[in-house]
Amino acid sequence: MTSTGLPRALGTCYYPEHWPQEMWAKDARMMVESGLTWVRIGEFAWSRLEPKPGVLELEWLGTAIETLTAAGLKVVLGTPTATPPRWMLDKHPDMLAVDVEGRPRGFGSRRHYCFSHAGYVAESRRITAILAEAFGGSVAAWQTDNEYGCHDTVLSYSDAARGAFHDWLEARYGTIEALNAAWGNVFWSMEYDRFDQIGLPNLTVTEPNPAHALAFRRFSSDQVVAFNRVQLDEIRKFSDAPISHNYMGRVTDFDHYELGRDMEIATWDSYPLGFLEDRVGASPARQNAFARQGDPDFQTFHHDLYRAVGKGRWWVMEQQPGPVNWAPYNPAPLAGMVRLWSWEAFAHGAEAVCYFRWRQAPFAQEQMHSGLLRPDSVPAAGMAEVLQVASELAQAPQVEANVADVALVFDYDAEWAWTVQPHGQGLSYFDLVFEHYRALRRAGLNVDIVAPTHRDFSGFQAVFAPGLMHLSDELRHALAASDRLCVCGPRTGARTVDFEMPVPLPPALEGLEVTVTQVQTLRPDRPVALDGGGHAVGYIETLDSSADVILRDISGASVAVRTRNMIYCAAWLDEAGLDRLVELVAGQAGLTRRVMPEGVRVRRTPTQEFWFNHNARRVDTDAGPMDPASVIWRAL
């Protein structure tokens, strides 16, 4: 593989509207002196750009862009649609999203809009067009909105969403008879006479029809994609600069692949310490061990995911440089971790790492969120490590194309299906895939996360596709036709596209004689032991199969079976069980497996090998002794 030809770069997020204009030139000069190239601005500034309806004040933004670019910086301009001003609510009082309990999401923070509200969509188109026409020739890149889905803002149960849902259903099913048949509405007399009778799947007496709930999630994702396209259409009328959106960690209520298909670059916002506390799902012991370093795999999972979303091009748009303000606990990064996180992103193919934010705000909701500067403009603790990374980048090669041993399929639709019907407390598709990712990384393997639309697996030695509750015929055939070792299950092919149990029974994998005859979920205190070590936890299926058995439980029942290149694993395996499965697959696929020390990870590029020690202690590795929170690299 060859280099992408782009230099690795650093950047930051800046809010000129927060600071007196006389500070801007000095800030810009300091950014350049600190080794920064990119600066993102504007994404929350609507009230200063349009303080009253139709009253535009764009001069200050033009001055800010001129000041930053004159200093040698490249500007990413964000559209301000994540923070509609207060007058917007007076103009469109029904624009607010409504939560699952039927309560409007109020003004006073951000993301207070419903994606389905036609009036707000039109306002977003208008302000985007204004900014694109004014600054399309002056900025180097764009960002649409900010963190779609953050704060649980994709699913809206508003009147606007209900009306748009009716239109979406009619376009999808054509007739109400077809919808009733697809959803199985004969059950519990749920049949409809007209599309406009269909409510949203909240506030029902007990659980709604799972087909209804899944359709609503698909609709809601499509609304985000459509909202984003409105902005893309306006920007592209006036600008050739690349467009991105900044995704968040473990926000899965919309299909990021679909959104990313329309844009040139994917970016995401990396907050390792905050995420460890509020969304990784790590045990208390693991949270304690990595409290100041972050989970060793959570950030890289998203690096690899957003590389796929960006079709190979991706950035970190917001990198945590110090304590944040929003997690249950907000420690400072261990010395060395800001540098480690930065190099970890570059090792996974990032073009840029931008730190949030340039200067800590002394006011409002994020005043306890660290920046590269303190509120008094003195460098904060993280700045020294940014300066070190900038110095190292001056000697670093350009961004390199990815190399991977294993493909791991991640499917947003499967995540929604598992959410609709987990069949057991605490079971989630994201966790299932993430635990497979962890196991592959513990084995020292490079992983490419791929979309369920991926078809050519010739570049990999093995493919893992756990938990794809609906398996398309195209992907089913591509996996079977591949000469790579493919691992599927559990719950593979368990539902049709409209959430019906299929016949023949799952998984119905081509060339693999196996049928799931029974499904059960397990209590946390009743795991099923595997013969030879490890356990099935949470979820296990009973198999009728003539295929070769490669894993059994201690009763002798089949847990994983193989025919030719297809493996089906019928259980959610614990760490020891997954390590055994990965060891088996690596051996049969001809992969070189390493047993990595706890908290140490390795990443290969075409020319270098990077080693990362996420521990707060010194560790001996195959690359030599590593200090706490350190990164080393060597030529291959």
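## Terms and model

Helices (H or I, at least four residues) and strands (E, at least two) are DSSP runs, numbered from the N terminus. The structure described here is a predicted model.

Strand β12 covers residues 485–488. Leu485 and Val487 point one way from the strand, Cys486 and Cys488 point the other way, and all are buried.

β12 pairs with strand β11 (residues 462–465) in the parallel sense, over 4 bridges. Within this pairing, Val463 has Cys486 of β12 as its bridge partner.

## Cavities

The model has 4 cavities of 30 Å³ or more. The largest cavity holds about 70 Å³ of space. Its lining is made up of 14 residues, and Ala347, His348, Gly349, Glu400 and Ala401 lie nearest its centre.

Helix α13 (337–347) and strand β20 (600–604) each supply at least two residues of the lining of the largest cavity. By type, the residues of this lining divide into 5 nonpolar, 4 polar and 5 charged.

## Salt bridges

The whole structure contains 42 salt bridges. One of them joins Arg286 and Asp297, with the closest N and O atoms 4.0 Å apart. Arg286 is in helix α11 (residues 284–289) and Asp297 is in the loop between α11 and α12 (298–309), 11 residues apart. Arg286 counts as buried because its relative accessibility is 17%, under the 20% limit. Asp297, at 0% relative accessibility, is also buried.

Asp295 forms a salt bridge with Arg438, and the closest N and O atoms are 2.8 Å apart. Asp295 lies in the loop between α11 and α12 and Arg438 in helix α16 (residues 429–442), so this pair ties together parts that are 143 residues apart in sequence. Asp295 is buried at 1% relative accessibility, and Arg438 is buried at 11%.

Glu575 and Arg442 form another salt bridge, their closest N and O atoms being 3.8 Å apart. Glu575 is in helix α18 (residues 575–589) and Arg442 is in helix α16, so the pair ties together parts that are 133 residues apart in sequence. Glu575 is partly exposed at 48% relative accessibility, whereas Arg442 is buried at 14%.

A network of salt bridges links Arg286, Asp295, Asp297, Arg438, Arg441, Glu598 and Arg601.

Technical notes: Residues are numbered from 1 along each chain as its sequence is written. This is a predicted model: local features need pLDDT of at least 70, side-chain atom pairs count only at pLDDT 80 or more; totals for chains, interfaces and linings use all residues. Side-chain values use heavy atoms; hydrogens and water are left out. Buried means under 20% relative accessible area, exposed over 50%, partly exposed in between (1.4 Å probe, protein chains only). Two strands pair if DSSP finds at least two bridges between them. On a 1 Å grid over the protein atoms alone, a cavity is a set of points where a 1.4 Å probe fits but cannot get out, and a pocket is an open set with protein on both sides within 12 Å along at least five of seven lines; lining residues have an atom within 4 Å of a point. Grid points are joined across faces, edges and corners, and a volume is the space filled by probe spheres set on the points. Ala, Val, Leu, Ile, Met, Phe, Trp, Tyr, Cys and Pro count as nonpolar, Asp, Glu, Lys and Arg as charged, and the others, Gly among them, as polar. A salt bridge is a side-chain nitrogen of Lys or Arg within 4 Å of a carboxyl oxygen of Asp or Glu.
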